[in-house]
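Please open the structure in your viewer and keep the selection tool at hand. The stops below say what to select and what is there.

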Amino acid sequence: MEMQTVRFYQTGTFTVGNRLLAPHERSVQAEAQRANALTSGHRACQGCGEALGARYAIDAAMRATGGKIVAVNATGCLEVFSTPYPETSWQIPWIHSLFGNAAAVASGVAAAMRRKGTDDVRVIAQGGDGGTTDIGFGCLSGMFERNDDVLYLCYDNEAYMNTGVQRSSATPPAARTATTPAMGPEPGNVFGTGKNVPLIAVAHQIPYVATASVANLRDLEYKVTRAMEFRGARYVHIHVPCPLGWGSAPADTIKVARAAVESGLFPLFEAVNGEIVSSTKIRRRTPTADYLRLQKRFAHLFQPGGEARLAHIQAIAERNIVKFGLEGTGA
Amino acid sequence: MDKPFAITLDVGTSLANKTGSWRTTRPVYVDRLPPCNDACPAGENVQGWLFHAEAGDYEAAWRLLVRDNPMPAVMGRVCYHPCEGACNRGTIDAAVGINSVERFLGDLAIRRGWRLDAPAESTGKRVLVVGAGPSGLSAAYHLRRAGHAVKIVEAGPAAGGMMRFGIPKYRLPRDVLDTEIRRILDIGVEIELNRKVTDVRAEREAGGFDAAFLAVGAHIGKRAYIPAGAAARIVDAVSVLRGMEGEEKPMLGRRVVVYGGGNTAIDVARTAKRLGATEAIIVYRRTREKMPAHDFEVEEALQEGVLIKWLSTIKNVAGEATLTVEKMALDDKGYPQPTGEFETLEADSLVLALGQDVDLSLLDGVPGLVIRDGVVEVGPNMMTGHPGIFAGGDMVPSERTVTVAVGHGKQAARHIDAWLSGGEWRPPARHEIAKAENLNPWYYADAPKTVRPMLDALRRTSTFDEVQGGLDEGNALFEARRCLSCGNCFECDNCYGVCPDNAVIKLGEGRRYRFNLDYCKGCGICASECPCGAIRMEPERN
Ligand SMILES: Cc1cc2nc3c(=O)[nH]c(=O)nc-3n(C[C@H](O)[C@H](O)[C@H](O)COP(=O)(O)OP(=O)(O)OC[C@H]3O[C@@H](n4cnc5c(N)ncnc54)[C@H](O)[C@@H]3O)c2cc1C
Ligand SMILES: Cc1ncc(C[n+]2csc(CCOP(=O)(O)OP(=O)(O)O)c2C)c(N)n1
Ligand code: SF4
Ligand SMILES: [Mg+2]
């Protein structure tokens, strides 16, 4: 992996910028001239992780391509809060069609670019977890299978947030949603359900797949930038906390995302041509309970009787740590 | 209006939507007081000078440092660095090696020949300073910088006070001390050596001084009543250490017993070792935990072969060379009590290191003074009960260290300066302290503390070469960069990066940031992700 080795500049290289680093070593988000692809005035809730993740990712893609980007957006919060007609927050060419067809529309845009001879303009498709792992999954799999020249960005907030927090196939076990209430013998979402779309993407053996988190900007920017070095189908799945849907404090968005990563519940890895090639090591190991406790959707786990389910979640994290090699010192 | 099919409105930007109206709390940039700065008795802006050192701008770092303390190379050797005890990095791995970076800057300044800034415009006022120890030198430096004419009168043959006649060379090489003193005198401080001031009022009048600062230290070794024969060789520690500066080194013999438990006891025992004593034994009435000497000093002494008898008192000296020592035991309250168990120790000399008293004879007959427990009371403005006579350092009630003495000199200088123009100096309001819980330590990389090299064991007992080495440029830079910049923005761009609403405006290098309250929704992510605790959320008014 070509991740920059961490050098010690007062804070290492974990902060967004750093006056002690050479300008080309700073993050995209540190630049005064960053694209700000999703600009101010959007209507996302306070502390929205999706708004943050989208700006992080698209700005990085903008730098990687010299600003030549078209984005296709699935229906969902990101689309709704950024473009209440006639206003838009997007500083890039941007198109919205339907909830389930972003991948297919993007495939079409890519084909059009190729036909026009303007395939230096790169195509991005983006959507929420519902639009990606559920209704849009067929279109997505087709885009992968045909190896269409599209980068698909999934902003995973683990439910259908735009319509009022319904369960998706990315909703984690035990999470309370509007459709998986915290009631009965097994409160919240059922264990053993759902699907892991990043691994399904890897199984398609497309050129590049990665997971990323708003809690690790440098890792996220590296992955989006790396994705733009490939042609063909690429997939980056970004973990973006939703304060409203998760019942977390708006100020804690990054803290919550960080705890997901540092506990092992959300493993960060990348895969090239169907092989996992690297994982981002946990720097300060956190118990899963510290992640769960920050969110009201998991409050029932901390009631009497929640112990077994808590232990189950901890076991999931530990399995991830082994499976993805999340412990140890960097690459 | 010519619009495409089904389009009725012009496309607009979301910038028209001022989401700032959603806010119930607002972020505010603050400067919190770093605990190192708070703990520094000399009032150094530690975090401030480390900030420059981190960027490799050592001269800027040194210049900021000497605004408060003109002797970094001395401090980097003898200061007990309470800053490091308070340092927030201690809660993560180990405190920043502030003291070693300070020494690095001090030594570099000596190597590069950096000079102190020229004083301000002359004020026409004259101030007398009595005593050229750290307190007197510090006051003289700060008074001179403010534009006053300063004259130091010093009883000894050279300036430095206990830094020269107490602290041994193996901890503070004299060329370092000489250079830093010379640099202070070079900004135009007058000094008269070898003259003891016997009557401060007369001195003040004769010289036409508008004010006086007294810093005569504490030089009279305390005695304890120990029955002893006429032939017994009993000396006091301060005289021994002072003797080390003369031509004839003190004769202590091969078996030396030191009585006391402070840093003077340690220094004199280590000196005896170096002078050739085969045995140097410290006798102390309490336990190691209770010893006023610092743990690292005790450790270094033990490494050099000094022996320590804890919980022991000396009862008498029988004959020429036999001490009777009684074992003590701690009572319920932790006080040592005699046990009636005795043993004897052979000693060619007994050195008393039981603390020092102040020689206050120069103040005889001065009205208004309050003297309590042998030291002179001063007000918060460092003035004694007699108008125009200020005092500091070991002669006033406080901890007795070089750093405290330097701090007193600086404080007194500020108050004297104000007093001379008929005003009063009020210290600026202190910021709230940046505590560990204000920080977000995830952003700081793991980095172990850099350890300073120590002289090899043989040379530590046979020579007076300096025991502790300094850092070189590579590891001094590393050490400086371990600083977390507690409570003070260091422009890491985190707030600018993490705002989901682009509501942070980056003003450019050295100018920090501004919040764009038109769009800030008040989520507070910037405040919780600020590594150094320089943002606070405040309730929105109305
Ligand atoms: C052995 C020893 C080791 C120490 N080690 C350390 C250490 O490692 N770190 C630390 O921080 N502190 C240490 N200290 C304490 C520290 O040295 C003192 O607290 C500090 O020097 C006090 O400074 P001062 O300016 O008040 O007095 P002093 O340093 O004592 O200076 C007073 C000066 O006034 C002069 N003087 C006295 N009377 C008159 C007079 N009437 N007229 C003119 N001049 C006069 C004296 O000659 C002297 O030069 C040590 C002390 C001793 C004794
Ligand atoms: C075919 C269709 N079914 C349902 C909807 C209603 N709908 C709009 S957004 C949304 C959920 C979006 O969830 P997700 O994709 O996870 O995005 P999020 O809002 O959570 O970011 C739904 C169900 C729709 N627009 N189209
Ligand atoms: S980390 Fe830096 S600013 Fe904070 S207490 Fe330590 S030296 Fe001072
Ligand atoms: Mg969703």
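How much area is buried between chain A and chain B? The value is about 4,400 Å², and carbon and sulfur atoms give 50% of it. Buried area here is the accessible area (1.4 Å probe) that two parts lose on being put together, summed over both.

Before going further, note that this is a predicted model, in which local features need pLDDT of at least 70 and side-chain atom pairs count only at pLDDT 80 or more, while totals for chains, interfaces and linings use all residues. Residues are numbered from 1 along each chain as its sequence is written, chains are lettered from A and ligands numbered from 1 in the order in which they are written, and side-chain values use heavy atoms, with hydrogens and water left out.

**Stop 1: the interface**

Select the two facing sides: 49 residues of chain A are in contact with 53 residues of chain B, where contact means heavy atoms within 4.5 Å. Three salt bridges are counted between chain A and chain B; such a bridge is a side-chain nitrogen of Lys or Arg within 4 Å of a carboxyl oxygen of Asp or Glu. Now pick Arg284(A) and Asp446(B), whose side chains meet in a salt bridge at 3.0 Å, N to O.

Next, colour helix H1 (49-65), strand S2 (87-88) and helix H9 (253-263) of chain A, each of which supplies at least two residues of the side of chain A that touches chain B. Helices (H or I, at least four residues) and strands (E, at least two) are DSSP runs, numbered from the N terminus. H9(A) gives the most to that side, with five residues.

**Stop 2: His239(A)**

Select His239(A), found in strand S7 (residues 234-239) of chain A. Is His239(A) buried or exposed? His239(A) is buried, with a relative accessible area of 1%; buried means under 20% relative accessible area, exposed over 50%, and partly exposed in between (1.4 Å probe, protein chains only). Show the residues in contact with His239(A), including Asp156(A), Trp246(A), Phe266(A) and Tyr291(A).

**Stop 3: salt bridges within the chains**

The structure holds 60 salt bridges over all chains. In one of them, Arg63(A) pairs with Glu31(A), the closest N and O atoms being 2.3 Å apart. Arg63(A) lies in helix H1 of chain A and Glu31(A) in the segment before H1, so the pair ties together parts that are 32 residues apart in sequence. Arg63(A) is partly exposed at 41% relative accessibility, and Glu31(A) is partly exposed at 28%.

Move to chain B and select Arg270(B) and Glu300(B), which meet in a salt bridge of 3.3 Å, N to O. Because Arg270(B) lies in helix H12 (residues 263-274) and Glu300(B) in helix H13 (residues 295-303), the pair ties together parts that are 30 residues apart in sequence. Arg270(B) is buried at 0% relative accessibility, and Glu300(B) is buried at 12%.

**Stop 4: the nonpolar cores**

Stay in chain B and select Trp49(B), Leu50(B), Leu105(B) and Ile416(B), which touch the most other members of the largest nonpolar core, a set of 68 residues. A nonpolar core consists of buried Ala, Val, Leu, Ile, Met, Phe, Trp, Tyr and Cys residues joined through side-chain atoms within 4.5 Å.

How values were computed. Lists of a residue's contacts leave out its neighbours within four places in sequence.
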